[in-house]
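These are my notebook entries on side chains, kept in the order in which I looked things up.

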Amino acid sequence: MRRTLSKNTRKELFLILAAPIHFWAVLMFFLNFPKSELRFWTAIGLLSYDMVIAFIDSILLFLIVYLVGVILPKQWDEDKKLLFLGNLGFTIFLGLIFGQFLDSSPLKRWQMWGIVGVISLLFLAFFEYFSLTKKSVAAIHLDFFNRLTFLSYMFLGLDILGLGIIFVRNIFCTVELFL
């Protein structure tokens, strides 16, 4: 058995972790969309920056989760590792979202992150227990992860498009400065 994940499983893990981050970035863009006079291309540019930042966030979360995956037992098969690491990534992501909402609370920062940490650990323990011990739950989880990979491919396409838009905008903004 291998200690590390195979290339295909690493790609699938990245796609699983990228989907909720990108979805959250698009949702926050539309919720915080400026209602004032905003030109169409300015809005597209702002969304492009959000998508590229979400891509960078996805890479960082993947690296953290992958490093945890290195210490998993090598007796586990690829699906079990993917379930564990996918649930871990989702828990980290949901904990960070919950922390965003608590950030405006009157709690001190260490209290807030303590609450988020405890809730995240309980959530993780619940999901890991059922997904690693019950085959039917594991099959549902793997099917859900498989569907997320398709969504991630669409988001990665938007990342590439956003990177192109940022590149073109920066070239034309630079040209306008010299004219």
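Predicted model: local features only at pLDDT ≥ 70, side-chain atom pairs only at ≥ 80, totals over all residues.

**Entry 1, a nonpolar patch.** I looked up I59, which is found in helix α2, residues 40-70, and I classed I59 as partly exposed because its relative accessibility is 33%. I then found that I59 belongs to a nonpolar surface patch with I56, L60 and L63, and that these residues together have about 340 Å² of accessible area.

I looked up W76 and F84, whose ring centres are 5.7 Å apart with the planes at 65 degrees, so I recorded the pair as edge-to-face, the class for planes over 60 degrees apart. For F84 I noted a relative accessible area of 17%, which means that F84 is buried.

I went on to F126 and F130, where the ring centres lie 5.0 Å apart and the planes are at 65 degrees, so this pair is edge-to-face. Both residues sit in helix α4, residues 109-133, and because they are four residues apart, about one helical turn separates them. I classed F126 as partly exposed because its relative accessibility is 48%, and I put F130 down as partly exposed at 30%. I also noted that ring pairs link F126 and F130 with F123, F127 and Y129 into a cluster.

Staying in helix α4, I looked up E128. Which side chain of opposite charge is nearest to E128, and how far away is it? I found K80 at 9.6 Å, and I recorded that E128 is buried yet has no salt bridge, the cut-off for which is 4 Å between a side-chain nitrogen and a carboxyl oxygen. Leaving aside residues up to four places away in sequence, I listed L83, F84, N87 and L88 as the residues that E128 touches; F84 is the buried ring residue of my previous entry.

**Entry 4, the salt bridge.** I counted one salt bridge, and I noted that the side chains of R147 and D143 meet in a salt bridge with an N to O distance of 3.1 Å. Because R147 and D143 are four residues apart in helix α5, residues 135-178, about one helical turn separates them. I classed R147 as exposed, since its relative accessible area is 57%, whereas D143, at 36% relative accessibility, counts as partly exposed.

Terms used. Residues numbered from 1 in each chain as written. Heavy atoms only, no water. Patch = residues over 30% accessible without salt bridge, like charges linked within 9 Å, V, L, I, M, F, W, Y side chains within 5 Å. Areas by Shrake-Rupley, 256 points an atom, 1.4 Å probe, with all protein chains shown as cover. Helix = DSSP H or I, 4+ residues; strand = E, 2+ residues; numbered from the N terminus. Buried < 20%, exposed > 50% of the residue type's maximum accessible area, 1.4 Å probe, protein only. Phe/Tyr/Trp six-rings, centres within 6.5 Å; stacked < 30°, edge-to-face > 60°. Lys, Arg positive; Asp, Glu negative; His and termini not counted. Contact = heavy atoms within 4.5 Å.
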